[in-house]
Amino acid sequence: MGVFITYKILDFPDLSVDGTYPLGACISAILLVNGVNPWIAVIASALGGAIAGFITAFLHVKLKITNLMSGILVMIGLYSVNLLVMGNKSNTPLFQTTHIFSEVSGLFTTLLIVAVLLIIFKILLDVFMKTKVGFLLFAVGDNEQVVTSLGVNKNNIKIIGLMLSNGLVALAGGLTA
């Protein structure tokens, strides 16, 4: 869903998602190792991804770097950030940590939790896309000049879209960890 927002809706080739997915996993893993509630760790990973999306948008919108290059720059930078988050280690064992699937037993229950989360986020995304900001996301991807002629700042819409997209990708990384 995160990549869909940037590639198909915003028409923005965002390569920073290659760095935000492991960023979400790194944030979630380090918080789990330190005994933080697994749900808070997953939410923190989504927030970390949204910040990375903001940096991509800032490079593109404010510094006028092309969309492809801004995504590449953030992706490259996030490899170092990911190592820093992990404490300069490339691996953190999670065998003894509590995670969101700790209390469940069986593959069916695990798949049920994943399916419920997927359905919830799909419904929330569908509801969001029917709001004014959601329609503006589609409009910015289709024709930026029309959005500007409506008196809406297209750059703010791009920032919101990239933050949402990278937040969802980092959320997936956090759930994976």
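Residues are classed by relative accessible area as buried when the value is under 20%, as exposed when it is over 50%, and as partly exposed in between, using a 1.4 Å probe and protein chains only. The model described here is predicted: local features need pLDDT of at least 70, side-chain atom pairs count only at pLDDT 80 or more, and totals for chains, interfaces and linings use all residues. Numbering starts from 1 along each chain as its sequence is written, and side-chain values use heavy atoms, with hydrogens and water left out.

By the accessibility criterion, G151 is exposed, with a relative accessible area of 65%. G151 is found in the loop between α7 (144–149) and α8, where helices (H or I, at least four residues) and strands (E, at least two) are DSSP runs numbered from the N terminus. From C-alpha to C-alpha, G151 and L78 are 35 Å apart in space and 73 residues apart in sequence.

Two packed helices are described by the angle between their axes and the distance between the axes. The axes are lines fitted to C-alpha atoms, for helices over the stretch in contact, and the angles run from 0 to 180 degrees between N-to-C directions. For helix α3 (residues 38–61) and helix α4 (residues 67–85), the angle is about 140° and the axes are 9 Å apart. This makes α3 oblique to α4, since angles under 35 degrees count as roughly parallel, over 145 as roughly antiparallel, 65 to 115 as roughly perpendicular and the rest as oblique. The crossing of α3 and α4 is right-handed, a term applied if the near helix is turned clockwise from the far one by less than a right angle, and left-handed if anticlockwise. On the α3 side the contact (heavy atoms within 4.5 Å) is made by A52, I55, T56, L59 and H60, and on the α4 side by N67, S70, G71, L73, V74 and L78. These residues divide into 6 nonpolar, 5 polar and no charged; Ala, Val, Leu, Ile, Met, Phe, Trp, Tyr, Cys and Pro count as nonpolar, Asp, Glu, Lys and Arg as charged, and the others, Gly among them, as polar.

Within helix α3, T56 counts as buried, at 0% relative accessibility. Leaving aside residues up to four places away in sequence, T56 touches F12, D14, S16, S70, G71, V74 and L162. The side chains of T56 and S16 are joined by a polar contact of 3.3 Å. Such a contact is a pair of N or O atoms within 3.5 Å; within protein, one must be able to donate a hydrogen and the other to accept it, and residues adjacent in sequence count only if both atoms are side-chain atoms.

Helix α5 (residues 107–129) packs with helix α8 (residues 154–176) at an angle of about 175°, with their axes 13 Å apart. The two helices are therefore roughly antiparallel to each other. The contact is formed by L117, F121, L125 and F128 of α5 together with I160, L164, L168, L171 and L175 of α8. By class, this contact has 9 nonpolar, no polar and no charged residues.

Most residues other than glycine have a negative phi. D11, which is not a glycine, has a positive phi of about 55°. D11 lies in the loop between α1 (2–9) and α2 and is exposed, with a relative accessible area of 53%. A positive phi, near 60°, is also found for N88, a residue of the loop between α4 and α5. N88 is exposed, with a relative accessible area of 64%.
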